[in-house]
Amino acid sequence: MTTSAPERPAAAAPTGSPVLEATGVVMRFGGLTAVNNVDLRVNQGEIVGLIGPNGAGKTTFFNCLTGMYKPTEGQVKFEGTVLPPKPRAVVQAGMARTFQNIRLFANMTALENVMVGRYCRTSAMALTSIVRGPKFRREEEATRARAQELLNFVGLGRTSEHLARNLPYGDQRRLEIARALATDPKLILLDEPTAGMNPKETEEAKQLIFRIRDMGLAVVVIEHDMRFIFSLCDRVLCLVRGETLIEGSPHVVQSDPRVIEAYIGKPDEDELEEEAAKEDHA
Amino acid sequence: MTTSQTTAAVSNPRPSSQWLITLVGVALLIIGCFLSWSYVPALLGNLSVNFFPGAIQIFMIIVGVLGLFFLLLRKGLFPGAHKLLDSARGLRALSVTAAAFMVLVVIVIGLQAPGLANADPGVFVTLVGALAMVAGSFRMPSDPTVDPITVHLPSWVEILVIVAMLTVVLFGAAYALGQEDGTVFSLFLLFLAGLVVALARAGLFSWFGVIAQRNRRVIMLGAFAVAFLFPFTQNGSDANMSIATQVLIFATTALGLNIVVGLAGLLDLGYIAFLGAGAYVSAMMSHSAFANIGWKPPFLVVVIISAIVSSALGLIIGSPTLRVSGDYLAIVTLAFGEIFRLTVNNLDGNNGPDLTNGPNGIPGIPELEIGSFNFGDTHNVLGIPLGRFANYYFLLLVVAAIIITVFTRLNNSRIGRGWVAIREDEKAAEAMGVNVFGLKLFAFAGGAFLAGMAGSIKAHQDVSVTPDQYIFLESAFLLAAIVLGGMGTVAGVLVGATVLKLLPEKLRFVADYRLLTFGLLLVLMMRFRPEGLVPSQRRALEFHEDDADLAERIEDAHIEAVTPMEGRA
């Protein structure tokens, strides 16, 4: 599992061994190249941020990593082995995700949602479920206990029996994280975990992600909230039009003019003049 | 209804005018029932004798007594029940039922007597009473009621309520089956429907629902006991038992299909083919002179072989088609149903191996014999003769019990959670590690297995197996039973199957226009209650995505149901 020395001297020195290595990932839809030759390496216990303007291909890249899409070119290695492009196999291997537009099982309770996440780590099949021997009951109890534990961990312990669709927005995001954690992942991919949250909830989400990292998981976060991402991540990758613009420590990425340009656009000549005129006036 | 109105109604102890009008209406209704309704004795049972009410007059007396009960309830005579039941809503539904019922009776007298000159004053007294009830009750403000989940009665009271309910069901079913006159039967159905609606409007059923939720095991055992006792009420008569057996075989098959449709959410339009496959295998291995397989194993082995053959067919059909999503499965299963029918029609030795005797099918299948118990003989139990159909009925009851156990246990397990997740959001389920394809295939093949089991019994009960018993229409009826009754519930399917099988047996009209009436019924269901008569709560939520109140209510009930358990732990 030892690989060549990190190619990014600017980045904070990675601590653990690499969990995920995506090299040269290309995703084309017909003539449209949504992701073009993107590399990503995530080490154990590291939080990596993925930023970029709308339509930069962040979520498409996520889908390539998690087996929802089969990348046109390039490969995704998880703990040294290439993953088959099947979501289930990816989860089984230890990579879980949340969704940008929340995709909970709305008509199940919070607890049941998390219990579904345990599916791939439990084994009761038809006959066991019908006969209901001691083994089945033990497993069912363990599943329930673990789900409740995870709900407590994300701070939803008291609402475990509420329907997912009745939960407030912020809690739904946290429930998605609990459900992803239930699959016992080594790497968790969060797609805009603070979208639509107020500053207090955003801060709580940040603390939650730190706690997840402290459990020894690697985390990849897509986010638009720059203050959030730069105070959270060890390393940030900026995608623009499907290509890597820059990768490095938050400090480096933050101060790169090209990143600002990609988000806000190049200041227009006329606008500059106007602004200058205003300043003269004042 | 505004709050100020309701509080005024409750705090005012003086009888209001609406209350008095309704009371007069109820009184007229009951008095009218004791008078003669028609000169013609041969009409609608016998309604021509004063002070000796006939069957349909007794229906109206029951309505009147219930109305009286609601009226007294409003005056606070039964302090406990006052909080639970909304008498005004109950009265409204009741009065509309009574009025509709009486208008129909007057029309029937006018048409069949013939002429309204043959109607006696009694029928008009009752009609006026019903109209007065309508006038009074519709101006009555609703009562404030409390949510039934907050009411806790001693458990023996709850169990008593369940026993009473099931007894009513048993005798109601026996009575309904005993009715020979189609018009009386229809009027009985109208009366029954009105009664159910009135009690539901008053909130009795949500209370029953809560009780049933708390005592699920008692309900299950009780319902099974009622079903078990039913043949003993028939005095050895085969007429009703044959219908009951058909209802049961239909319900059993529909239960199996409900695993596929209701739990896994797969639309299967060719399910009858699996039943047919089981029936054909069983017939071919029977001692019938037309059976073409030499091997005659004991019946229990045949059941298992039939089930395995059916589920193998399920695997063959399912494995290529379950990978695609959407309506493809419906089309493929539809085609499979046709392929099955055509295949058994043609395996007659001319076009292939001689297995099924083609269109003639396999007749003369002997009665089942398990050990020394022959299903064709009449057996006496406690002096009550139990005929051939009763024997099959009991066997089918056992099969139904097996399928219900499989159904409920799978539903409350890892597999059941996986199915729900697939129904809710297939992509998300896959991304959370649920084996989507495997679970779908399992539901499909498992459903086929159960149908094969039921089919192997059906072959013996029907005596012969022919291709035209297993046509698409039968699959559609099975599906209709599920849609009508409620996807994903056992009780719902039992209700749906009973309604769909019983109505054509008892009503010539429905039998002649079977497709028309069922079609209309389904359209009405889709418009007013898409989740079915007895829906599973999750299905109700799925059909009402925007109904926040419903979600709150179901959540409250759920939290109420799990909290005491946690308290005890």
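Analyst: Domain bounds, as used here, come from an automatic or database domain assignment. For chain B, that assignment gives domain 1 (3-227), domain 2 (238-532) and domain 3 (536-569). The model is a predicted one, and every value below is computed from it.

The meeting of domain 1 and domain 2 within chain B comes first. The C-alpha centres of domain 1 of chain B and domain 2 of chain B are separated by 37 Å. Where these two domains touch, 11 residues of domain 1 of chain B are in contact with 11 residues of domain 2 of chain B. About 930 Å² is buried between domain 1 and domain 2 of chain B, and carbon and sulfur atoms give 75% of that area. Zero salt bridges are found across this interface of domain 1 and domain 2 of chain B. The count of residue pairs in polar contact between the two domains, with both residues at pLDDT 80 or more, is one. On the domain 1 side, at least two residues each are supplied by α7 (155-178), α8 (182-202) and α10 (216-229) of chain B. The helix that gives the most to this side is α8(B), with four residues. By class, the residues of domain 1 of chain B that touch domain 2 of chain B comprise seven nonpolar, four polar and no charged.

Within chain B, B:Ile272 is part of helix α12 (residues 271-284). B:Ile272 counts as buried because its relative accessible area is 6%, the limit for that class being under 20%. Leaving aside residues up to four places away in sequence, B:Ile272 touches B:Gln469, B:Tyr470, B:Ile471, B:Glu474, B:Ser475 and B:Leu478. B:Phe472 is 200 residues from B:Ile272 in sequence, yet their C-alpha atoms are 7.3 Å apart in space.

B:Phe373 and B:Asp546 are 173 residues apart in sequence, and 56 Å separates their C-alpha atoms.

The account now turns to the meeting of the two chains. In this interface, 39 residues of chain A contact 36 residues of chain B. The buried area between chain A and chain B is about 3500 Å², with 58% given by carbon and sulfur atoms. Three salt bridges are found across the interface of chain A and chain B. A salt bridge also joins the side chains of A:Glu140 and B:Arg417, at 2.8 Å from N to O. Polar contacts between chain A and chain B link 16 residue pairs, both residues being at pLDDT 80 or more. On the side of chain A that touches chain B, α2 (87-93), α3 (110-117), α4 (126-131), α5 (134-154) and α6 (169-181) of chain A each provide at least two residues. That side of chain A has 19 nonpolar, 10 polar and 10 charged residues.

B:Glu542 sits in helix α23 (residues 537-543) of chain B. At a relative accessible area of 18%, B:Glu542 is buried. Apart from residues up to four places away in sequence, B:Glu542 touches A:Asn107 of chain A, together with B:Arg423 and B:Glu424 of chain B.

Methods:
Residues are numbered from 1 along each chain as its sequence is written. Chains are lettered from A and ligands numbered from 1 in the order in which they are written. This is a predicted model: local features need pLDDT of at least 70, side-chain atom pairs count only at pLDDT 80 or more; totals for chains, interfaces and linings use all residues. Side-chain values use heavy atoms; hydrogens and water are left out. Contact means heavy atoms within 4.5 Å. Buried area is the accessible area (1.4 Å probe) that two parts lose on being put together, summed over both. A salt bridge is a side-chain nitrogen of Lys or Arg within 4 Å of a carboxyl oxygen of Asp or Glu. A polar contact is a pair of N or O atoms within 3.5 Å; within protein, one must be able to donate a hydrogen and the other to accept it, and residues adjacent in sequence count only if both atoms are side-chain atoms. Ala, Val, Leu, Ile, Met, Phe, Trp, Tyr, Cys and Pro count as nonpolar, Asp, Glu, Lys and Arg as charged, and the others, Gly among them, as polar. Buried means under 20% relative accessible area, exposed over 50%, partly exposed in between (1.4 Å probe, protein chains only).
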